[in-house]
Amino acid sequence: MIAINRSALVFVFDLVCALVAWMGGFLLRFNFTWQPEYSATFWAGALWLLPFHALLCRWAGLYRGLWVFASLPDLKRLLRAIGGSVLALAVFVVMFHPEPAVPRSVFALYPMSLIMLMGGGRVIYRLWKEGHLHGSQVDTGRPVVVVGAGRTAAMLVRELSQSNAWRVVALLDDDRGKWGRDIGGCRVLGPISALAEVARNYHAKHAILAIPSASEEARRVATQLAMQAGVEALTVPRVEDVMAGLVTVSHVRRVEIDDLLGRDPVWIDTPHVQALLKDKVVVVTGAGGSIGSELCQQLARFQPAKLVLLEQSEYALYSIEQWCRQHRPGLPVVPILGDVKDRERLREIFRQHGPHIVFHAAAYKHVPMLEVDNAWQAVRNNVLGTYILSSVACEFEIERFILISTDKAVNPTNVMGATKRLAEMICQAMHGGTNRTQFEMVRFGNVLGSTGSVIPLFQEQIARGGPVTVTHPEITRYFMSVDEAVQLVLQAATMGEGGEIFVMEMGEPVRIVDLARNMIRLSGYTEDDIRIEYTGLRPGEKLYEELLADEEHTRKTPHPKLRVAKARKVPSNFLETVLPWLVQSRLLSDDEVKTALAQWIEEYQPLLRRPLLTVVDGGAAKRA
């Protein structure tokens with residue numbers, strides 16, 4: 001009932017505005033002196049205008065919006081209604097020829113008055129309403145500095161002005177042309193590098209990064225400046241999410257370590273990937289793992305005829321199957337529990353589903369765990385599993401076989417890296433000859449947030465109050481997002497001619513201790529609150545990782561983030577000599593495995609076992 005009464009009041013207001021504007025046109029024309037001879041013309045015009053004006057306001061949709069949110073679209077609707085009203089006035093004059101005639105100046109004065117009355121009324125109401133609702137919040141809320149002075153920042157300032165949680169005290173931007181300007185009543189005070197001084201002057205403990213279109217490097221620098229200034233860094237949602245209506249720009253969140261380590265968005269040749277995958281049956285092994293599940297999610301958008309999910313873990317398989325059912329309900333998905341070492345099971349799967357492409361992501365990947373007491377299982381899963389799967393792929397003449405490898409296969413010092421290099425050599429040996437299957441290998445780096453990676457470990461340690469454990473003060477690693485890595489895998493799959501090892505451009509290596517410090521600061525703590533302990537390199541771990549072996553050379557590809565490594569050739573009798581060792585039933589000790597791996601892989605240099613050290617950052621070492 002209230003809504004109906006309000007609409008009726010607005011409707012009456014617009015009719016009164018039309019009547020007053022019609023009268024105002026005459027009064028303005030004659031210097032606010034009413035001319036009695038025009039009374040008949042005035043009333044005849046009013047009787048004609050009011051019903052047409054009412055219909056035009058309804059037609060223009062003036063009563064669909066709320067005055068408290070009056071904005072540019074409402075102004076456009078208002079102008080349509082007023083334009084129609086002027087047209088109705090012209091029709092009145094042409095049809096009825098009132099005497100005396102309507103002065104020509106009234107045709108200009110009437111719409112001007114109507115715009116001022118109808119538009120002004122709406123603006124005044126919004127100003128009053130916002131002042132009534134939010135006026136008491138002007139000096140409340142936590143002071144915050146907004147980094148950026150573009151469209152996103154303007155939207156953010158407008159939305160935060162209606163919130164009692166935040167109070168924008170200043171904006172910063174590196175564009176000199178914006179310095180000293182106001183956005184939503186807030187001044188742009190200078191460059192982003194002035195963040196520490198501005199935060200100190202305004203007692204701000206938070207900074208919101210409103211620069212979603214800036215490069216990853218620019219966002220990293222801004223976040224580092226915030227941390228150095230001792231303020232908590234927040235960021236706005238992604239532009240795509242805001243545009244899709246999933247969130248508003250005021251849904252700020254804390255900057256995560258992924259934002260600091262993130263890279264500029266990767267592009268792929270979508271039409272070629274689509275041509276490769278559309279209407280094809282695709283098998284993904286290890287489909288429930290960190291890499292395999294992301295691979296399945298991205299494959300699903302390219303409309304394969306069928307997606308076959310092969311996974312040992314029942315829960316992991318269930319999780320990725322449910323994602324596919326929910327997000328790609330029209331995609332035929334086949335969840336299969338199985339082991340890549342089970343040849344008969346693989347034959348059954350290939351015979352039943354007739355796949356065209358295989359992405360082999362199944363592998364044991366945890367370096368220290370595979371180094372001690374599990375080396376033979378690593379060989380059987382990573383190497384023998386790859387051989388059995390690839391031989392079945394050749395038997396059924398699969399079009400493409402893509403092996404997901406690792407940068408740890410370069411000059412490996414651990415069992416995990418050595419087994420992945422041996423798996424690469426298996427695929428190199430399988431490619432060509434009488435086999436029609438095209439083999440390609442893609443080396444991954446460390447994936448942000450993947451199972452068993454250092455970032456979830458640090459997050460858990462920080463949540464417990466520390467300490468955060470780092471193996472060595474100089475240890476470095478390459479990082480990339482799983483989304484980026486999988487996109488590059490798909491791109492590489494379209495570019496390969498067979499037998500290549502694709503290497504991803506990984507950017508700059510990150511010192512793990514710097515990573516730990518940043519995560520502590522982003523969590524709102526200092527290193528006095530949560531200390532860092534050095535525990536010593538773990539079995540099989542090396543200080544830094546390489547992207548290419550010494551004997552390898554690379555060549556460019558059409559994609560700037562992919563290169564092809566020309567690896568050492570595999571001996572012609574490689575399969576005949578390595579197979580008897582792989583298929584033997586006797587369990588081998590760790591030392592026997594490492595000795596044998598060194599025979600097959602010239603670049604394999606196993607690290608000697610060393611005692612673990614526990615070192616408090618800045619303190620003395622203690623032997624564990």
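Which strands does helix H18 (residues 482-495) lie across? In this predicted model, where local features need pLDDT of at least 70 and side-chain atom pairs count only at pLDDT 80 or more, totals for chains, interfaces and linings use all residues. Residues are numbered from 1 along each chain as its sequence is written, and side-chain values use heavy atoms, with hydrogens and water left out. Helix H18 lies across E11, E12, E13, strand E18 (501-504) and E22, and runs at about 155 degrees to E13. Angles run from 0 to 180 degrees between N-to-C directions, with axes fitted as lines to C-alpha atoms, for helices over the stretch in contact.

The chain holds 21 helices and 24 strands, taken as DSSP runs (helices H or I, at least four residues; strands E, at least two) numbered from the N terminus. Of its 624 residues, 50% are buried (under 20% relative accessible area; exposed is over 50%, partly exposed in between; 1.4 Å probe, protein chains only). Contacts (heavy atoms within 4.5 Å) between residues at least 6 apart in sequence join residues at least 24 apart in 76% of cases.

An open sheet of 9 strands has the order E10-E9-E8-E11-E12-E13-E18-E22-E21, with mixed pairing; two strands pair if DSSP finds at least two bridges between them. Strand E10 (333-337) and strand E21 (553-556) are the edge strands, each pairing on one side only. On average, neighbouring strands of this sheet are turned by 25 degrees against each other, direction ignored. Strand E22 (residues 562-566) pairs with E21 in the antiparallel sense over 4 bridges, and Ala 565 in E22 is the bridge partner of Thr 554. Helix H11 (residues 290-300) also packs on the sheet, where it touches strand E8 (281-285), strand E9 (306-311), strand E11 (357-360), E12 and strand E13 (438-444). The direction of H11 makes about 165 degrees with that of E8.

Ser 405 is located in strand E12 (residues 400-406). With 3% relative accessibility, Ser 405 counts as buried. Leaving aside residues up to four places away in sequence, Ser 405 touches Lys 420, Glu 424, Val 442, Arg 443 and Phe 444.

A further open sheet, of 7 strands, is ordered E3-E4-E2-E1-E5-E6-E7 and has mixed pairing. Its edge strands, E3 and strand E7 (253-254), each pair on one side only. E1 and E2 are joined in the parallel sense over 6 bridges, with Val 146 opposite Leu 171 in E2. Helix H7 (residues 216-229) packs on this sheet and touches E1, E5 and strand E6 (232-235), its direction making about 175 degrees with that of E5.

Helix H5 (residues 151-160) has the buried residues Thr 152, Ala 153, Leu 156, Val 157 and Leu 160. Viewed down the axis of H5, these buried residues fall within an arc of 135 degrees, so they line one face of the helix; the arc is that of the directions from the helix axis to the C-beta atoms. They pack against strand E1 (142-147), strand E2 (166-172), strand E3 (182-183), strand E4 (186-190) and strand E5 (206-209). H5 runs at about 155 degrees to E2.

The largest nonpolar core has 58 residues, of which Leu 422, Ile 426, Trp 581, Leu 582 and Leu 597 touch the most other members. Such a core is a set of buried Ala, Val, Leu, Ile, Met, Phe, Trp, Tyr and Cys residues joined through side-chain atoms within 4.5 Å. Helix H15 (residues 375-395) supplies the largest share of this core, 12 residues. A second, separate core of 44 residues includes Phe 302, Ile 357, Val 482 and Val 564.
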